[in-house]
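This briefing is intended for a reader who is meeting the structure for the first time. Please keep the sequence and the model at hand while reading.

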Amino acid sequence: MDSSGGPGARTVIRRLLRRTVLSENFVLYLSLVFFIGLYVFMPYIASERNLANISSNMWPLLALVLGQMFVLILGGIDLSQTSIMALTSVIGAMFMTTQLDPDLFTKSPLWGLLLSADGSPLSGTLLAVPLGIAAMLLVGTLVGLLNGVAVAKFRMPAFMVTLVSMMFFSGLAIYLTKSENIMYLPEGYTRIGSGGLGPVPWSFLVVLALAVATHILLRHTVLGQWFFAVGRSVRTSVVSGVPTERVIVIGYALSGFCAAVASVLYSARLEGGRPTLGQNLLLDVIGAAVIGGISLFGGKGKVLWALFGVLFFVLLSNALSMLILPFYAEPVVKGMVILLAALLDVTRTRLLAREVAL
Amino acid sequence: MADSILQFEGVSKSFFGVRALDDVSFSLPGGHLLGLIGENGAGKTTLMNILGGVLTADSGTMTLRAGKYAPRRPADATEAGITFIHQELNLFTNLSIADNIFIDRFPRLGRSPFIDRRQTRRQTAKLLESLSLSLAPQTLVDRLAPGERQLVEIAKALSTGAGIILFDEPTTSLTAAETQRLFDIIRRLREQGKSMIYISHNLGNVLELADDIVVLRDGRVVDAGPARDFTIDRMISRMVGRAVDQVFPTRRSRPSEDIVLEVKALSQAGIVRDINLVLHKAEVLGVFGLMGSGRTELARMLFGLEPFEQGRIRVNGAPCDCISPTDSIRRGMAFVTENRREEGLLMDATVLDNVGLVSLPAFASPRFPRLLRHRQLGGAVARIVESMRIKSGPVARTLARNLSGGNQQKVVIGKWLMSRPAILIMDEPTRGIDVGAKYEVYGIVNDLTARGAGILLISSELEELMGLCDRILVMSKGEITGDFDRARFAQESILHAAFEGHQGRR
C-alpha cells in the first residue's frame, strides 16, 4: 500500500495531466515546452533572424491549413492544394512578368499569345499586379469548385478526385511553362513577400484577415454550422434541409481559394512563378492540421487549432533543419510526430466521450 | 406425436423494467415446422435472440434434445445445430456461392493453410443440387435473384449440419414463384427430419406450412396448438385481443375542413401504386401497414427524399414538386424519420446544434453573410428543451450520443417543432423508446394538432394509431387497402386490410 498522501498526489497529477491533454490549448502548451526545450540546447532558435524565419514560414502554411480545414470538417480531404499552388503561381506570373528569356519559353504553348520577350501584355502597367493576383485567386477557386462538383454531384470519393486533380493540374503547370520558372516579377508584387506595414509583414496581415474571416464563417454563419452538420452526418443533414451538395462544393472552392492565397504569398517571396511550387508541402498541410486536432473523420475544427498545429509543425521543421541530420531523417521524424498526433486525437475523443458520460 | 427437440420453459426477459418476454413456454416437436406469429413488438425477435445466444434470458430454461441449452454467444447456437435465416440476408455479394457457404471453414489442402478449391466446389455443388438449384458454385452472389440468395442461405445452413432452422420473414423479398420453390424445399427439409421455426406476418403462408402454431402477444404465449385447428381469423384475433388502454391523452382539438396536404395518384413502380390521400388541418392521420408495405417509402416521397414516377402533391393548396427536403421544409413540412441515429440526429453534435439545425436560417441575418443570432437561437432551443422536458446536461455541451433513446427522439421532434411545421410526418416515432417517453410523444402530437398542424403518423403499433388518430389508412403491398374513420376503428378489420394480398396461396 502507498502512504496516505501517495494516491491523493497521484490523482492530482493525473487529473492535471488529463486536463492538459484534453485542453483546447494543448498543442500551444506543447509548442511552448518544445520551444523552451530547444532554446536550452540551441539558443540560436530565439534569435531575431530565426524568429522572422519561423514567422514567414508559418503564414502561408496557415493559409493552406485553413483551406484544408473546410474540407476536413466536411469529412473530405483536398490533396490538390499543392498543385493549385503551382498552377496559380505560374498563371499569376504570366500576367505580371516583365521579361522572359526566349531561349527558355519559345516552347511554351502560350508563347506569342500571352508571353513574349517583354513578358506579359500587361507588363509595366498598373493593372498587372492586381489582375495577376485576381487571376490566381480565381483559378484556385475554380479548380476547387471543380473538385467540389465532382465530389458532391457525382459522388466520387474526395481522395480520388483530388488525387487526380493534383496530378492533372501539376502536369498542366509544367506544360504551360515547359518546366521553367517565370522570373522578373514586378517589385510591387514581390514586396508582398518581403515587405510589410512597418515591422508587420504583409503575409501575416493577409493570413490574419483570412483567419478572422474563416473564424467568423465557421462559428457565426449558417454556412459554417452547415459545414459541421454535413461533416457529422450527411444523411441527417439532407433530411434537415441542409443543401449538402452546395455546402460541399463551397468547401472545396474555399480550399482552392486558400491555396491560391498561399500561392500568392509563396510566389512573392520566391520572386517567381514556379510550376513545382509546393511540391513537398502536402505532408506539412495535412500534418499541421492533424497536429492541431482537426479530425480526419470530419465534423471538428477551429481556426485556433489550425494556428497551433501550424506553429508546432513549423517549429519542428525549423528545429530539424537546424540540427545537422541526414536528409532522410526529417521526413521520418515528421511522420512519427503526425502519427502521434493522430493517436492523440483518437485518445482525446475517447477520453472526452467518457468525461461527458460521467 | 414426435418427441420435442427444443423446449422453452418459463422464459422471461425485461429491458429497463419493460417486460419483453413473460413466462414463455412451448416446445418444438422434432421434424415439425412451428409457425410463430405475433404483432411487431410481441416478443418474437427477443425470443429468437435468446435462442440464438445474442441475448440471455432473465429466467427460465431451454432444453435441446433432452439436454440443458444455455447459449452465451451466437457461436454456441451454431455449434448446437441451430441456424437462422434472416429477413435481411447475410451474404457477401462480392464473393461466390461456394465462398459464402464455406467462408468460416474452408476445406484445406491437407494441413496446409491453402484452400482446397476443388473440394469447396464439389461440396457446394452437392448442396446446391440437393436444393435443386442449378447454379455453378463459383457464381457471384451479386448476380443472383433474391430468391436464389435465400436458397444459398439455406444451403449454408444445411452445410453446417443444422438440425433446427429458423426462418424470420423469409419471403418478404421473394416473388410468388420463388416463394413456392422455397416452400417446396422447406417441405422437403421437413421430410428429411429437420425441425423448423417459421416467423412471418404472412398468416396465409404460416397456415399453409406449419404443423403447429404459437401466438405471442405482449411477450406472452396467448395461444398454441396444431395448425389444423387455426384459421386466419383466429390468428388475428389472438394476436391483438386486447382493449385499447386509456393511455392516450384526450384530444383537445377537432380536425378542420382545410386541407394541408393532398396526394393524388402517386405511383412508383414496385414500391407504391396509386396512392390518394388528404390530410386536414389539426388532423392526425394514421398510416398502418406491415413492414414492406410501402408506408415508409410513401413518407419519404412526400418529403422529397425519394423520387416518384407519377402523381401530384399539393401542400396548402399549392402544387408541390417536392424536389428536395429543403423545399419541403420551406413549405412547412417536417419529417421525423424512423431511424433517428442515421437520419434524425447528428450523434456527435450537441443538443443545441441538433435542435437548432433545421431553423438555422430563421435565426440569421437575411442577407450574406448570414450571421447567426446566437442568443436568440440559444433561447429558442432552451424553450423547446424545457417545454419538451428533454433530460440533458447543458445543451451547448451535451452530445446527442449521450442521451437516452427517449430523449434522443424528443430532440429529433424538438428540432422540427422549432420550425413550426404545418405538416408533420412521423415514421415510427415511438420505436425503441420507453413507455414514459412514448406518452410524452403522444402529448406532443396532441399539442401540435391543437396548434393546427396536420400530422401523418406512421406506426406498426395499431393501438397507438387507434389511440391517437382521427383516421387510419391501411397499406398493403404499396397500395391503400383500407380507410377507417375513428368511429369505425376495429383492430380486426384494420389487420385484415393490412394482410390483404398476403393471405392464402399465390
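The model is predicted. Chain A and chain B are in contact through 19 residues of chain A and 25 residues of chain B. The domain assignment of chain B gives three entries, namely domain 1 (4-240), domain 2 (244-332 + 421-506) and domain 3 (343-420).

**Contact between the chains**

- On the side of chain B that touches chain A, the elements giving two or more residues are α10 (325-330) and α11 (340-344) of chain B.
- By class, the residues on this side of chain B comprise 16 nonpolar, five polar and four charged.

**Domains 2 and 3 of chain B**

- A distance of 25 Å lies between the C-alpha centres of domain 2 of chain B and domain 3 of chain B.
- The contact between these two domains involves 12 residues of domain 2 of chain B and 11 residues of domain 3 of chain B.
- On the domain 2 side of this contact, helix α15 (residues 435-450) of chain B gives the most, with five residues.
- The residues on that side of domain 2 of chain B are eight nonpolar, two polar and two charged.

**A sheet in chain B**

- Six strands of chain B form an open sheet with mixed pairing, in the order β16-β17-β18-β13-β19-β20.
- At the edges stand β16 (333-336) and β20 (479-485) of chain B, each of which pairs on one side only.
- On average, neighbouring strands of this sheet are turned by 15° against each other, direction ignored.
- Within the sheet, strand β13 (residues 284-289) and strand β19 (residues 471-476) of chain B pair in the parallel sense over five bridges.
- Val287(B) has Leu473(B), in β19(B), opposite.
- Helix α9 (residues 295-303) of chain B packs on the sheet and touches β13, β16, β17 (423-427), β18 (454-458) and β19 of chain B.
- The direction of this helix, α9 of chain B, makes about 150° with that of β17(B).

**A helix pair in chain A**

- Helix α9 (residues 202-220) and helix α12 (residues 244-270) of chain A pack at an angle of about 170°, and their axes are 11 Å apart.
- Angles over 145 degrees count as roughly antiparallel, and α9(A) and α12(A) are therefore roughly antiparallel to each other.
- From α9(A), Ser203(A), Val206(A) and Leu210(A) meet Cys258(A), Val261(A) and Leu265(A) of α12(A).
- The residues of this contact between α9(A) and α12(A) are five nonpolar, one polar and no charged.

Note on methods. Residues are numbered from 1 along each chain as its sequence is written. Chains are lettered from A and ligands numbered from 1 in the order in which they are written. This is a predicted model: local features need pLDDT of at least 70, side-chain atom pairs count only at pLDDT 80 or more; totals for chains, interfaces and linings use all residues. Two residues are in contact if their C-beta atoms, placed from the backbone, lie within 7 Å. Helices (H or I, at least four residues) and strands (E, at least two) are DSSP runs, numbered from the N terminus. Ala, Val, Leu, Ile, Met, Phe, Trp, Tyr, Cys and Pro count as nonpolar, Asp, Glu, Lys and Arg as charged, and the others, Gly among them, as polar. Domain bounds come from an automatic or database domain assignment. Two strands pair if DSSP finds at least two bridges between them. Axes are lines fitted to C-alpha atoms, for helices over the stretch in contact, and angles run from 0 to 180 degrees between N-to-C directions. Angles under 35 degrees count as roughly parallel, over 145 as roughly antiparallel, 65 to 115 as roughly perpendicular and the rest as oblique.
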